[in-house]
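Subject: Handing over the structure

Hello,

Here is the structure I promised to pass on to you. Please open it first, and then read my notes beside it.

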Number of protein chains: 2
Amino acid sequence: MTDLNEGRVLVRETSEEELLAAIFPLLPTGAATLVGPGDDSAVVSAPDGRFVVSTDVLVERRHFRPEWSTGYDVGWRAAMQNLADIAAMGARPTSLVVSLVIPGHLPVEWVTGLARGLAAACAPSGAAVVGGDLSSGDDVVVAVTVHGDLGGRAPVLRSGAQVSDVVAHAGRRGWSAAGLALLDHDLGPLDQGLVDAYLRPEPPLDAGPAAADSGATAMLDLSDGLLRDAGRLARASGVGIDLDLGAFRGDLDRLVVAASAVSAASGTLAPAGAEPGPAGAAETALARDWVLTGGEDHGLLATFPAGTALPEPFRAVGRVVAAPSAGVPGAAEGRAPSVTVDGAAPRAHGVGWDHFRG
Amino acid sequence: MTDLNEGRVLVRETSEEELLAAIFPLLPTGAATLVGPGDDSAVVSAPDGRFVVSTDVLVERRHFRPEWSTGYDVGWRAAMQNLADIAAMGARPTSLVVSLVIPGHLPVEWVTGLARGLAAACAPSGAAVVGGDLSSGDDVVVAVTVHGDLGGRAPVLRSGAQVSDVVAHAGRRGWSAAGLALLDHDLGPLDQGLVDAYLRPEPPLDAGPAAADSGATAMLDLSDGLLRDAGRLARASGVGIDLDLGAFRGDLDRLVVAASAVSAASGTLAPAGAEPGPAGAAETALARDWVLTGGEDHGLLATFPAGTALPEPFRAVGRVVAAPSAGVPGAAEGRAPSVTVDGAAPRAHGVGWDHFRG
């Protein structure tokens, strides 16, 4: 058998069974696993009598760039973005399965790195990788499906927000987008913390079940940007959401230095939405854009009845208001924003990520 | 909104939300779904207190060719190969999630066709598609994860076969490989039934739980070929398997006409393993190769205690024997075959599919 520990062995120089034999010992195990990898299917405990399930896919050059992200980073991200979807229902993760498409020119250590990244991301929650599939292909594709257990809780849906609820957020806002922009302008060393937030996001997984226990009326994972995802929650609930930008002061303060450097490097004076103003307006607008529209931080946005003692690390960031009515400009045509910022229609460069329209 | 019913609309001319809106109404629904698509995660009933889970990925040009397979065919196949993994544990499917990577130049009707194919394949078992993810990418990739319920049965593993057990098979053998060979030589019209078996396999899904109820000691889905997969079962159980080629007489009779045409078209006189012999030896050898090594029929191979009344449509095709011992040539070097055919080491062109060594 080829020694797969030599870093320079390529995937095409191994067999599928050799590769699986190298990966299997690295995968995380967990208490819910009744039958693990190696049979036609795995068997997982579901003590609640229900299970929660979500799937997310990462595609090379769409979701990560091989020159920036190691296999470990991709494994970490693939796990975390899925684990966040379980947390957003108020559940705790139990198990994952992973379909992996890899080109033959990839080093085997990239693949074992991915397994280590999956394991590291799963370790705190005790979730296990219980199965998978491998195929060759031109581009790396990592499709992860994750399962969770509600522990008797009612699932927290997007559709339960009520007018006068408090809107609360847990996690980072805009860090991932800022880290990506830094990498894109060769400015990574300026703030490695932002870069790391892009490469290996750290969603507040425990906050999901805590929110459910505290009576959250609605919740979702912020994967495509605050405005876009808040709009989804608002529309699902038939309400409006007014956000308080000042609640993100901590994030804005962290991001403005990176925004300044990126603005200077890109030669753009101001993104769309910035108004003529004093020196610093461009970077302030860019930092605000990252907070409002940056994706992939995987924080949690939840609504709670007014007066709820918010569980850590949730912070109030707005309130639930009535859905846009006929009195609002554009409402008749369905164009009235369901999300406002400080009471006004948001001015931002974009409204979040769309895979097909970019 | 773009009218997605016009066949010539391309994926890149739609938004992700428009595409999802076109797909959602086509997806199969089922009784086990507590929270369906549209939230961060789905919630599925698991009355058994456990769930069975498996994942399989299809990659364009690796697992299907766009010029042969429609979106419907790919959706059908993606569902069926996963459903077969659930059946192979003795379980019944409840739910699927689907991660789909599609290039922008794909017609939207290819994607809606895929949803229809998934739905048609799931209809008999009542399994629902409860979630998914969409991404753009250069090649089509379909990663399906399927879940099943054991209904109180013990899962049937690969590792339980006992010496003197009967080896039984349910489903077709070699049809998919023959159909692929016909397409590859522009001979499809010669036997559309074989071509259909390749494009839209029909695993005997009900046979899995029936085998479990009849006391099957081991079972697996034949995805990579009879010899290769039987070898996996034999090694997992620490036994040997002796197959009776004559038990596949019905399949061989069906395949020999196609084998004759393919042999003539390809100009090869005889595949490896064929001995000099009378006219017809080449096609007989090719048909035998399809039966022994052809993949993707997704029949079930199971072992039962001798004397078991085999549930339909299982047929006895061999017996479990002792693992290769030191007395067998090659055993000392670990090269003794764990699977024999009519008591002898199999002579076949290959031993099944390996994704990386081809």
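Let's begin where the two chains meet. About 5,500 Å² is buried between chain A and chain B, and carbon and sulfur atoms give 53% of that area. Buried area here is the accessible area (1.4 Å probe) that two parts lose on being put together, summed over both. The size of an interface is often given in this way, as the accessible area lost when the parts come together.

Before we go further, please keep in mind that this is a predicted model: local features need pLDDT of at least 70, side-chain atom pairs count only at pLDDT 80 or more, and totals for chains, interfaces and linings use all residues. Residues are numbered from 1 along each chain as its sequence is written, chains are lettered from A and ligands numbered from 1 in the order in which they are written, and side-chain values use heavy atoms, leaving out hydrogens and water.

Back to the interface. On chain A, 72 residues are in contact with 72 residues of chain B, where contact means heavy atoms within 4.5 Å. Eleven salt bridges are found across the interface of the two chains; a salt bridge is a side-chain nitrogen of Lys or Arg within 4 Å of a carboxyl oxygen of Asp or Glu. One of them pairs Glu17(B) with Arg232(A), with the closest N and O atoms 3.3 Å apart. On the side of chain A that touches chain B, β3(A) gives the most, with nine residues. Helices (H or I, at least four residues) and strands (E, at least two) are DSSP runs, numbered from the N terminus.

Next, the annotated residues. An unreviewed UniProt entry has a "binding site" annotation that covers Asp40(A), Ser54(A) and Asp85(A). UniProt positions are given in the numbering used here, feature names are shortened, and annotations may be inferred rather than shown by experiment.

Asp40(A) is in the loop between β1 (33–35) and β2 (42–45) of chain A. Asp40(A) counts as buried because its relative accessibility is 6%; buried means under 20% relative accessible area, exposed over 50%, and partly exposed in between (1.4 Å probe, protein chains only). Apart from neighbours within four places in sequence, Asp40(A) is in contact with residues including Ser54(B), Asp85(B) and Arg158(B).

Ser54(A) belongs to strand β3 (residues 50–59) of chain A, and at 5% relative accessibility Ser54(A) is buried too. The side chains of Ser54(A) and Asp85(A) are joined by a polar contact of 3.3 Å. A polar contact is a pair of N or O atoms within 3.5 Å; within protein, one must be able to donate a hydrogen and the other to accept it, and residues adjacent in sequence count only if both atoms are side-chain atoms.

Finally, two helices to look at. In chain A, helix α3 (residues 108–122) has 15 residues, which should span 21 Å at 1.5 Å a residue, and its end C-alpha atoms are 21 Å apart, which agrees. The expected span is 1.5 Å times one less than the number of residues. Twelve of the 15 residues of α3(A) are buried, and what covers them includes α1 (16–23), α2, β4 (92–102) and β6 (141–149) of chain A.

Which residues of α7(B) are buried? Ten of its twelve are, among them Leu226(B), Arg228(B) and Ser237(B). Their cover includes α1 of chain A. After α7(B) comes Gly238(B), with a positive phi near 70 degrees.

Enjoy exploring!
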